[in-house]
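This briefing goes through one protein chain by topic. Please keep the sequence and the 3D view at hand while reading.

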Amino acid sequence: MNKKNYTPQPADTSGITLASELTELIEAMAMNVHEVWAASRIAEGWRYGDTRNDALKQHPCLVPYNELPENEKEYDRKTAVETLKLIQKLGFTIGK
C-alpha cells in the first residue's frame, strides 16, 4: 500500500443512534481519551505551553479535561461517540 494514497475508511455508523442514557458514559469516555492522550504526550517529554510548539514539545491542551476549550472537548466526545456506535454496529450491547 502506498502511504501517500491512504484514504481513511472508518466504519459507517451513521445508522446507529445512541440512547440518551449514554450521555454520562460519553463524557466519561471523552475525559479518559484526553487523559490517555495527555499521559502519552507527557511520557514523550511534552509539557504545557500557551501555544503548540513541536520543537519545544509544548502543547496548550496539556491541562485537565475540564479546563479544555469546548472545541477540544468535542473532539474527544466524537471519539467516544464513534467508538460506542461501532460497538453497537458490531452487535455488542452496552449496559450498566
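What percentage of the contacts with a separation of 6 or more in the protein comes from residues 24 or more positions apart? Such residues account for 49% of those contacts, a contact being heavy atoms within 4.5 Å. The model is predicted: local features need pLDDT of at least 70, side-chain atom pairs count only at pLDDT 80 or more, and totals for chains, interfaces and linings use all residues. Residues are numbered from 1 along each chain as its sequence is written, and side-chain values use heavy atoms, with hydrogens and water left out.

**Overall architecture**

- The protein has two helices and two strands, in the order α-β-β-α along the sequence. Helices (H or I, at least four residues) and strands (E, at least two) are DSSP runs numbered from the N terminus.
- The protein is more spread out than a compact globule, because its radius of gyration is 16 Å, well over the 12 Å that the globule rule gives for 96 residues. The radius is taken over C-alpha atoms, and the rule is 2.2 Å times the number of residues to the power 0.38.
- The C-alpha trace spans about 45 × 40 × 20 Å along its principal axes.
- Of the 96 residues, 25% are buried. Buried means under 20% relative accessible area, exposed over 50%, and partly exposed in between (1.4 Å probe, protein chains only).
- Carbon and sulfur atoms hold 55% of an accessible surface of about 7300 Å², computed by the Shrake-Rupley method with a 1.4 Å probe, where for residues only the protein chains shown count as cover.

**Helix H2 and the segment after it**

- Helix H2 covers residues 70–89, 20 residues in total, and reaches 28 Å from its first C-alpha to its last. This is close to the expected 28 Å, where the expected span is 1.5 Å times one less than the number of residues.
- Lys 73, Asp 76, Arg 77, Ala 80, Leu 84 and Lys 85 are the buried residues of H2, and their cover includes helix H1 (23–43).
- Phe 92 is in the segment after H2 and is exposed at 56% relative accessibility.
- Phe 92 forms a nonpolar surface patch with Leu 86 and Leu 90, with about 310 Å² of accessible area together. Patches take residues with over 30% relative accessible area and no salt bridge: like charges are joined within 9 Å, nonpolar side chains (Val, Leu, Ile, Met, Phe, Trp, Tyr) within 5 Å.

**Salt bridges**

- The structure holds four salt bridges, each a side-chain nitrogen of Lys or Arg within 4 Å of a carboxyl oxygen of Asp or Glu.
- Glu 27 pairs with Arg 77 at 2.7 Å, N to O. Glu 27 is in helix H1 and Arg 77 in helix H2, so this pair ties together parts 50 residues apart in sequence.
- Arg 77 is buried at 15% relative accessibility, whereas Glu 27 is partly exposed at 27%.
- Arg 77 also meets Glu 70 in a salt bridge (2.5 Å, N to O). Shared partners join Glu 27, Glu 70, Glu 74 and Arg 77 into one network.
- Arg 52 and Asp 54 form a salt bridge at 2.7 Å, N to O.

**Loop between the strands**

- Lys 57 lies in the loop between strand S1 (47–48) and strand S2 (58–59).
- Lys 57 is not a glycine, yet has a positive phi of about 55 degrees; its relative accessible area is 33%, partly exposed.
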